[in-house]
Amino acid sequence: MSDVESSGSTSGSTTGGVSPSRRNLLRGMTGAAGLAVVSGGLLSACSSSDDDKKKDNGSGGGSGSVAGSTVTFGSNYSDPGVKAAFAGLTANATAKTQVKVKINTVDHNTFQQNITSYLQGTPDDLFTWFAGYRMQYFAAQGLAEPIDDVWEKIGSNFGPAAKQLSTGLDGHQYLVPIYNYPWVVFYNKSTFASKGYTVPTTWDEYVKLAKKMKGDGLIPLAFADKDGWPALGTFDILNLRINGYDYHIKLMKHEIPWTDQGVNTVFQHWAELMPYVQSGANGRIWQDAAKTLEQKQAGMLFQGTNQVAQQYATDKANLADLDFFVFPTINPKWGQDYMDAPTDGFMLSKKSKNTDAAKAVLEYIGTAAAEQDFLKSDQWDVGLAQGLQVPTYNAIQKKSVQEISKCKAVAQFMDRDSDPAMANAMIPIIQKFIDDPSASNIASLQKSAESQAKAIYS
């Protein structure tokens with residue numbers, strides 16, 4: 001689903017359990033953050049007397065059939081396109097498992113903002129969530145149920161990178177992944193053709209193109225940050241391009257201070273772009289920024305395919321005109337080796353009332369056939385199952401697969417690679433930068449970020 005990553009209260013109150021040390025949680029995240037390249041072997045599974053725990057759900061603790069039972073599925077798939085695709089996926093799951101699935105959909109931002117209280121209260125059996133640190137965080141709080149037995153059945157359907165992104169710091173699996181998607185620079189082919197624009201591959205070419213677009217009466221870069229999360233993606237890509245993947249992940253773990261010169265260089269480059277960025281971004285939602293591009297009032301938009309292609313998909317002619325390029329090179333040392341390509345999936349609540357039936361649903365979802373059916377309706381994401389054949393992929397999806405596969409490592413997005421509280425802290429900091437990208441304000445904002453990071457990661 002879309003990176004509506006307003007982490008909200010994900011690191012808020014943690015009543016009902018001991019909150020894990022943020023620093024301990026963040027250790028070991030480098031491997032989980034990258035999907036394209038994962039060094040070393042898989043995280044080893046830890047033994048536990050609770051591994052085979054079954055809840056009293058009326059099915060005899062796994063000895064009986066789950067057919068005819070019902071599970072509830074908490075969903076943040078509130079946008080129409082992916083909501084329909086998810087409904088189709090769960091309907092197919094019911095047909096295959098004979099388990100009825102009741103979907104409880106909540107607005108995407110609201111779901112994220114209330115996830116902690118939701119999981120601590122009376123959550124659904126299953127819920128939509130994100131791979132990597134965002135999954136590990138709630139697993140470590142004891143709010144998610146391990147699904148190692150599910151992975152014993154579906155493990156051969158995925159590569160080691162996908163499994164590692166689904167693995168908690170205790171070595172157990174907690175998530176079944178469904179898709180990922182790249183963050184890239186979108187444009188309309190007709191606009192580039194009519195104006196004689198060429199795709200930039202370097203920073204200087206990118207800025208030069210933005211300047212040319214502005215002179216041609218276009219908004220060079222459509223932009224929105226009312227929800228707080230979209231601009232996190234811009235910080236990510238600039239940091240990856242300027243300082244590289246390892247630096248980026250270390251910064252997310254606060255192994256590098258936010259007052260570092262490398263961070264300052266990121267903001268300096270961003271400030272260079274600001275004269276070409278759509279004004280009033282802090283009062284605009286991403287859907288309206290995408291409409292500016294779709295209506296050909298803007299020349300480019302940096303965003304995830306999960307959002308932009310989904311919006312374009314309502315008009316086949318517009319979708320056919322949509323194209324993208326990966327963010328240009330800034331530092332030749334890193335080229336275009338890295339990008340954000342977040343992975344989404346599904347988890348089992350610790351308080352599930354029907355664990356066996358819920359696991360049966362997850363076992364179906366973790367198959368290539370399930371992904372293929374899901375992607376018949378989802379025309380913006382790309383599947384993760386090995387050997388997946390999706391004849392319904394459009395040009396954007398085919399190109400997404402190609403570009404992700406070229407990366408040496410893939411980040412998950414700031415609020416998936418860092419502590420949720422730190423991502424929350426960075427939202428207003430970046431919004432203040434958008435309002436005032438001056439050098440003096442950048443220095444002040446770096447100090448603020450570092451001060452908050454010290455408190456969060458202590």
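Tutor: H254 lies in the loop between helix 12 (245–252) and helix 13. Helices (H or I, at least four residues) and strands (E, at least two) are DSSP runs, numbered from the N terminus. The model is a predicted one, in which local features need pLDDT of at least 70, side-chain atom pairs count only at pLDDT 80 or more, and totals for chains, interfaces and linings use all residues. Residues are numbered from 1 along each chain as its sequence is written, and side-chain values use heavy atoms, with hydrogens and water left out.

The backbone at H254 has a positive phi, near 60°, in a residue other than glycine. Most residues other than glycine have a negative phi. H254 has a relative accessible area of 12% and therefore counts as buried; buried means under 20% relative accessible area, exposed over 50%, and partly exposed in between (1.4 Å probe, protein chains only). The C-alpha atom of H254 is separated by 9.5 Å from that of M422, 168 residues apart along the chain.

K296 has 33% relative accessibility, so it counts as partly exposed, whereas H254 is buried.

The axes of helix 13 (residues 261–273) and helix 10 (residues 203–215) come within 10 Å and cross at roughly 30°. Helix 10 is therefore roughly parallel to helix 13. Axes are lines fitted to C-alpha atoms, for helices over the stretch in contact, with angles from 0 to 180 degrees between N-to-C directions; angles under 35 degrees count as roughly parallel, over 145 as roughly antiparallel, 65 to 115 as roughly perpendicular and the rest as oblique. On the helix 10 side W203, Y206 and V207 meet H269, E272 and L273 of helix 13, contact meaning heavy atoms within 4.5 Å.

K211 is also in helix 10. At 57% relative accessibility K211 counts as exposed, and its C-alpha atom is 8.7 Å from that of P275, 64 residues apart along the chain.

Rings of Phe, Tyr and Trp (its six-membered ring) pair if their centres lie within 6.5 Å; planes under 30 degrees apart count as stacked, over 60 as edge-to-face and the rest as tilted. The structure holds 34 aromatic pairs. One of them is F86 with F346, stacked at 5.7 Å centre to centre with 25° between the planes. This pair links distant parts of the chain, F86 in helix 3 (residues 80–97) and F346 in strand 10 (residues 343–348), 260 residues apart. F86 is buried at 1% relative accessibility, and F346 is buried at 0%. A ring is involved in another way at F324, where the charged end of K399 sits over it, 5.0 Å from the centre; the criterion is NZ of Lys or CZ of Arg within 6 Å of the ring centre and within 35 degrees of the ring normal.

L240, in helix 11 (residues 230–243), is buried at 0% relative accessibility. Leaving out residues up to four places away in sequence, L240 touches Y245, H248, W334, Y338, M339, D340 and A411. L240 and V410 are 170 residues apart in sequence and 9.7 Å apart in space, C-alpha to C-alpha.

Helix 17 (residues 355–365) has 10 of its 11 residues buried, so it is largely enclosed by the rest of the structure. Among the buried ones are D356 and K359.

For the chain as a whole, there are 22 helices and 12 strands, and 60% of the 458 residues count as buried. Of the contacts between residues at least 6 apart in sequence, 80% join residues at least 24 apart.
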